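Please look through the sequence and the structure before reading on.

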Amino acid sequence: MKRILSLCLLATLTFSSSRFVLADQKEEVQKFGREGMEASHSKNWPKAISAFKRVAELQPTSQNHENLGMAYLGAGNLAEALKSFGAAIAADADNTSAYYNRASVLLKQKRYEEAVADCTELLNRQADNAKAKHLRAAAELGKADWKAAFDDYSAILNGNHNDAEALEGRAYALMQTKDYDKAIADYSEVIRLKPKNAHGYMKRGYLYELKGDLPKAIADCEQALKLDPKDQEAQSRKKAMQSKQGQAPGAPPAGQPPPAPAHTP
């Protein structure tokens with residue numbers, strides 16, 4: 001009888017102590033979680049990494065791994081950010097934001113195929129995610145898959161005709177396939193949406209120059225110079241095109257072609 005009572009008492013003590021451990025662990029998770037959030041808001045990335053690393057050790061959930069990944073990303077440590085986002089996906093294969101964040105890192109590293117794959121996994125789970133379509137289209141531009149990028153940007157624009165980033169991305173894809181008229185139409189829409197952005201005029205002007213329409217190309221340079229009179233590229237391109245007027249068509253455009261549009265996360 002005494003042995004039974006002793007075993008029951010031991011079991012009670014063990015259960016009680018485990019409850020205390022869980023309570024202590026919960027308090028520690030909350031404490032370090034608060035520290036991590038506060039450090040992130042103030043962009044104190046070393047402190048945020050230290051705090052979130054402790055939280056992920058105590059409670060290795062998908063969200064906690066992702067928080068750690070975001071801190072690494074803020075610090076510019078892309079390799080560790082990738083590991084943490086991968087751990088978040090391993091803990092929960094339906095964590096769509098972890099796919100997006102990992103794809104963003106892969107895009108920064110110019111690992112375009114892998115970025116496209118992560119965006120596709122996300123879109124398989126959340127087909128209407130416009131941010132994922134934007135990110136995948138940017139990766140497709142990076143890997144020179146012009147048709148795929150065109151399709152993704154067009155899908156975005158079907159839902160939002162005034163998405164300037166999608167218009168610019170699609171115009172760039174169209175320019176690569178030498179569909180200049182449609183590219184000009186998209187850049188014209190970008191200019192309508194952002195009339196004070198000189199870059200839109202410069203990009204459209206480059207396309208007019210490719211087509212051999214120098215008066216319109218020069219006019220776009222002049223519009224860009226009205227917005228930014230110190231724009232040296234606009235000044236030099238305008239001067240070069242004015243000297244080309246009257247020459248036989250087919251001369252190469254002045255200046256450098258517009259770069260691929262930057263993706264805004």
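The secondary structure of the chain consists of 13 helices and 0 strands. The model discussed here is a predicted one. Read from the N terminus, the elements follow the order α-α-α-α-α-α-α-α-α-α-α-α-α. The chain has 265 residues, of which 42% count as buried. Among contacts between residues at least 6 apart in sequence, 44% join residues at least 24 apart.

**Helix α11**

Helix α11 covers residues 198–211. It has 14 residues and reaches 20 Å from its first C-alpha to its last, close to the 20 Å expected at 1.5 Å a residue. The helix is mostly covered, with 11 of its 14 residues buried. Those buried residues are Ala198, Gly200, Tyr201, Met202, Lys203, Arg204, Gly205, Tyr206, Leu207, Tyr208 and Glu209. What covers them includes α9 (164–176), α10 (180–193), α12 and α13 (232–244).

**The packing of α11 and α12**

Two packed helices are described by the angle between their axes and the distance between the axes. For helix α11 and helix α12 (residues 214–227), the angle is about 165° and the axes lie 8 Å apart. Angles over 145 degrees count as roughly antiparallel, and α11 is therefore roughly antiparallel to α12. The crossing of the two helices is left-handed. Which residues of each helix make the contact? The table sets them out by helix.

| Helix | Residues in the contact |
|---|---|
| α11 | Ala198, Tyr201, Met202, Arg204, Gly205, Tyr208, Glu209 |
| α12 | Leu214, Lys216, Ala217, Asp220, Cys221, Gln223, Ala224, Leu227 |

By type, the residues of this contact divide into 9 nonpolar, 2 polar and 4 charged. Several residues that α11 brings to the contact, including Tyr201, Met202 and Tyr208, are also among the buried residues of that helix.

**Ser84 in helix α4**

A single residue elsewhere in the chain may also be considered. Ser84 is located in helix α4 (residues 78–91). Is Ser84 buried or exposed? Its relative accessibility is 6%. Residues under 20% relative accessible area are classed as buried, so Ser84 counts as buried. When its neighbours within four places in sequence are left aside, Ser84 is in contact with His65, Leu68, Gly69 and Tyr72.

Technical notes
Residues numbered from 1 in each chain as written. Predicted model: local features only at pLDDT ≥ 70, side-chain atom pairs only at ≥ 80, totals over all residues. Heavy atoms only, no water. Axes fitted to C-alpha atoms, helices over the stretch in contact; angles between N-to-C directions. Helix = DSSP H or I, 4+ residues; strand = E, 2+ residues; numbered from the N terminus. Parallel < 35°, antiparallel > 145°, perpendicular 65-115°, else oblique. Left-handed = near helix turned anticlockwise from the far one by under 90°. Contact = heavy atoms within 4.5 Å. Nonpolar A, V, L, I, M, F, W, Y, C, P; charged D, E, K, R; others polar. Expected span 1.5 Å × (residues − 1). Buried < 20%, exposed > 50% of the residue type's maximum accessible area, 1.4 Å probe, protein only.
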